[in-house]
Amino acid sequence: MGNGPVGNPTGKQVTLEQAAEAVRSYLGGYGPGRLELKEVMEFAWNFYAEIEEEDTGIHAMELLVDKYTGRVYPEQGPNMMWNAKYSMMSGMMGGPYRGGAVGGAMPVTPEQARTLAQQYLDSTVPGLTVAEADTFYGYYTLHTLEDGQVEGMLSVNGYTGAVWYHSWHGPFIAEKDFD
């Protein structure tokens, strides 16, 4: 899970639609009708997929798809370390960011997360802005924008306000929503 392409760089890349199908197949392991694919974004080094619980509308997890093999795996960073419901860390570590219960209110609101994210960008990458915050269990993820166009993303911890920039995607290429 380094900062560049994984797999066979001489092989033919999977398409955005093939990446979406791979994610849907992966989600089948959680049982029918439980989780749904909301968005696939293509970056230079991987595909990114955002998953939502069908019954609650809460974002469940973030997945990556290898551009050459089509292999689906959990995104590193906040998805693994801060996700209070769907990460291995929440089970192994007792869910340190849950605030007492999965799905409980986080002290950092979506608006505060957006402000913290913008302050981070202003100090590290001036000129970028953030879009609305998507709520996950324990954190928020926000797209970063350059001149109003998607550039990348970052996450804000819903309990501590810590910001984590997703540096492993590479330049943005395309996206498709699945609503």
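## Strands and their partners

Two strands are said to pair if DSSP finds at least two bridges between them. The structure described here is a predicted model.

Strand S1 covers residues 35-43 and is mostly covered, with 8 of its 9 residues buried. S1 pairs with S2 in the antiparallel sense, over 7 bridges. Within this pair, Glu 36 stands opposite Glu 52 of S2. The two strands form a hairpin, and 3 residues lie between them. S1 is also joined to strand S9, residues 172-177, by 5 bridges, and these two strands run antiparallel as well. Here Met 41 has Glu 175 of S9 as its bridge partner.

Strand S3 spans residues 59-65. How many of the residues of S3 are buried? The count is 7 of 7, so S3 is described as mostly covered, where buried means under 20% relative accessible area. As a general point, side chains in a regular strand alternate between the two faces of the sheet.

S3 takes part in two pairings, one with S2 and one with S4. Strand S2, residues 47-53, runs antiparallel to S3 and is joined to it by 6 bridges. Glu 52, which stands opposite Glu 36, has His 59 as its bridge partner in S3. The hairpin of S2 and S3 has 5 residues between the strands, and in this hairpin Gly 57 takes a positive phi near 80 degrees.

On to the other pairing: S3 and strand S4, residues 72-74, are antiparallel and share 3 bridges. Leu 64 has Tyr 73 in S4 as its bridge partner. Between S3 and S4 the hairpin has 6 residues, and Gly 70 takes a positive phi near 80 degrees there.

## Two helices with a buried side

Helix H1 runs over residues 16-27, which is 12 residues. From its first C-alpha to its last, H1 reaches 17 Å, close to the 16 Å expected at 1.5 Å a residue. Its buried residues include Leu 16, Ala 19, Ala 20, Ala 22, Val 23 and Leu 27. These lie on the same side of H1 because they cover an arc of only 160 degrees around the axis.

Helix H4, residues 110-124, has 15 residues. Its reach from first C-alpha to last is 21 Å, close to the expected 21 Å. Which residues of H4 are buried? Among them are Ala 113, Ala 117, Gln 118 and Leu 121. They cover an arc of only 130 degrees around the axis, which means that they sit on the same side of H4. The face turned away from this buried side carries the exposed residues Glu 111 and Ser 123.

## The largest pocket

Rolling a probe the size of a water molecule over the atoms shows where empty space is left. In this model the largest pocket holds about 150 Å³ of space. Its lining consists of 12 residues, and those nearest its centre are Pro 74, Asn 79, Tyr 86, Ser 87 and Met 88. The elements giving two or more residues to the lining are strand S3, helix H2 (78-81) and helix H3 (88-92).

Which element gives the largest share of this lining? S3 does, with 3 residues. The strand that is mostly covered is therefore also a part of the pocket lining. Sorted by class, the lining has 9 nonpolar, 2 polar and 1 charged residues.

Methods:
Residues numbered from 1 in each chain as written. Predicted model: local features only at pLDDT ≥ 70, side-chain atom pairs only at ≥ 80, totals over all residues. Heavy atoms only, no water. 1 Å grid on protein atoms, 1.4 Å probe; cavity = no way out; pocket = protein on both sides within 12 Å on 5 of 7 lines; lining within 4 Å. Points joined across faces, edges and corners; volume = space filled by probe spheres on them. Helix = DSSP H or I, 4+ residues; strand = E, 2+ residues; numbered from the N terminus. Nonpolar A, V, L, I, M, F, W, Y, C, P; charged D, E, K, R; others polar. Buried < 20%, exposed > 50% of the residue type's maximum accessible area, 1.4 Å probe, protein only. Expected span 1.5 Å × (residues − 1). Arc of directions from axis to C-beta.
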